[in-house]
Amino acid sequence: MFAMLVRLYLTVAGLLLCSMLLVQQAFPYLFPDQYSQSARHEFSGELALLREHLRGVGIGELPERIATLNRSNPDRYSVLSPAMALRLPSRVLAELAATGTASDHVSTEHHHVYVRLDHGDVVQISYDESDFPIRYIAYATVFAMVLVGLMIWLQPHWRDLEQLRDAAARFGDGDLNARARLPGGSSIRQLCVYFNNMADQIGCLIQSQRDMVNAASHELRTPITRLEFGLANLGDTLDDRVARARVHALRCDVEELDLLVGELLTLGMLERSGPMPALERIDLSAFLRASTGVSAEELRIRTTHIEWALAPALKEVVVEPRSLGRAFSNLMRNALRYADGTIRVGAEAVEHGWQLVVEDDGVGIPPEDRLRVFEPFYRLDRSRDRATGGFGLGLSIVRQVIDRHGGEVHIESSPLGGARFVMRIPWHQPGEWRGRNRPPREEPAADAGHLEHSFHLQ
């Protein structure tokens, strides 16, 4: 809003200044007759007295009389020789011939008035406008009054636009009930009505979608549980090895379906507006080691090991443990899915917060896909088979969790050869949430390598 005021003021002040300069510089040349008449009228008394004082004075005495007059005001009066008089502008000569007086605008502040004496000599009166400092003080006063007027005029508009901006920011941060409430006389009242109608429509669509997904997910839990129970019993009663293998494959499919339902419920919970869970102070090292979501048996089967690179100085942080644990677990399972043999977990303090890094030595993620992988249900081509699995929701949940904490997450190329997920989270106090109503997140650059890999192995 301040930038808008500055632009408006500079535009008005610039136009006003141009108008003043146009009047001062161009108008005397555009309207010479009017300016000449005004000058002669202004000097009519002095011209009459000058004629009376020099009447009957001979040509030889005229310079002495003029010198006497100049003693009190040097260089004001001068006598033009016939040759100099003939070089005057034609307009001035015509005025002298017609009225015996004339004026000439030499510059913005310098002017000449001419009077022809009885014997034909021309006396020139030179005068300068000596209001130089006062004039610019007056200009500054005018510009200051324009600024005050604009501020008075903009104040109600500014207030109403701030309310609309605040409502839009809260709506964008997930508060679907955010609306702008402006008085009836507001100049942007109609815009506010359009915004509220748009928010109503979008809120209804989003809420309907969430309700449908949540309801479907909840309703699917019961038949999935019955299927798991029935398949388990069926597998125990079959003697045919082929049939048992088919039942086992069906049980794997049901487990995948159950996992998908769980991911959908988690995503719905993160997107749901409402009271935020309390932030708690945790021991970071113990929390991360307990929240990997990866068992020692899985690591052994995949011949993968975890390297812990936690900065010793970073002992405790304030987070929402449940959601952050889920995000970290998703990243660990994603790394386990693609790692060839090594997963590295690092944490260190950075400016205004701390960062958590999960990287692997797998095939990595192409730069063009590093932003899209955080979109719900987006999967790379190589993740669409049963060997790697995944539903495209895990990384979307990671972004939602980091957004709730007021941080950001992006992907880089890892020195190990695979993908490097970097989560930056600001410092919090217990019970204090700053993830909501923060400025819109800017997408990070897809290319990486700008963060220094300076963890201390622990």
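Biologist: Is Glu-95 buried or exposed?

Modeller: Glu-95 is buried, at a relative accessible area of 12%. Keep in mind that this is a predicted model.

Biologist: Which side chain does Glu-95 meet in a salt bridge?

Modeller: Arg-91. The two side chains, Arg-91 and Glu-95, form a salt bridge at 3.1 Å, N to O.

Biologist: How far apart are Arg-91 and Glu-95 in helix H7?

Modeller: Four residues, in a helix that covers residues 90-99. That separates Arg-91 and Glu-95 by about one helical turn. In general, an α-helix has 3.6 residues a turn, so residues three or four places apart point the same way.

Biologist: And what is the relative accessibility of Arg-91?

Modeller: It is 23%, so Arg-91 counts as partly exposed; the cut-off for buried is under 20%.

Biologist: Which other salt bridge does Arg-91 make?

Modeller: One with Asp-104, at 3.7 Å, N to O. This pair links distant parts of the chain, 13 residues apart. Arg-91 sits in helix H7, while Asp-104 is in strand E2, residues 101-105. Asp-104 counts as buried, with 19% relative accessibility. Put together, Arg-91, Glu-95 and Asp-104 are linked in a network of salt bridges.

Biologist: Staying with H7, which residues are buried there?

Modeller: Val-92, Glu-95 and Leu-96. Viewed down the axis of H7, the buried residues fall within an arc of 100 degrees, so they line one face of the helix.

Biologist: What does the face of H7 turned away from the buried side carry?

Modeller: Exposed residues: Ser-90, Ala-97 and Ala-98.

Biologist: New topic. How many salt bridges does a search of the whole structure find?

Modeller: The search gives 13. One of them joins the side chains of Arg-179 and Asp-200, at 2.6 Å, N to O.

Biologist: Where do Arg-179 and Asp-200 lie?

Modeller: Arg-179 is in the loop between helix H8 (132-172) and helix H9 (189-237). Asp-200 is in helix H9, so the pair ties together parts that are 21 residues apart in sequence.

Biologist: On to H5. Which residues are buried in that helix?

Modeller: Leu-62, Ile-66 and Asn-70, in a helix that covers residues 62-70. Seen down the axis of H5, these buried residues fall within an arc of 75 degrees, so they line one face of the helix.

Biologist: What do the buried residues of H5 pack against?

Modeller: Three elements are involved: helix H4 (44-54), strand E1 (77-80) and strand E4 (122-128).

Biologist: Which residues line the largest cavity?

Modeller: Arg-51, Leu-54, Arg-55, Gly-56, Leu-117 and Asp-118.

Definitions and conventions
Residues are numbered from 1 along each chain as its sequence is written. This is a predicted model: local features need pLDDT of at least 70, side-chain atom pairs count only at pLDDT 80 or more; totals for chains, interfaces and linings use all residues. Side-chain values use heavy atoms; hydrogens and water are left out. Buried means under 20% relative accessible area, exposed over 50%, partly exposed in between (1.4 Å probe, protein chains only). Helices (H or I, at least four residues) and strands (E, at least two) are DSSP runs, numbered from the N terminus. The arc is that of the directions from the helix axis to the C-beta atoms. Contact means heavy atoms within 4.5 Å. On a 1 Å grid over the protein atoms alone, a cavity is a set of points where a 1.4 Å probe fits but cannot get out, and a pocket is an open set with protein on both sides within 12 Å along at least five of seven lines; lining residues have an atom within 4 Å of a point. A salt bridge is a side-chain nitrogen of Lys or Arg within 4 Å of a carboxyl oxygen of Asp or Glu.
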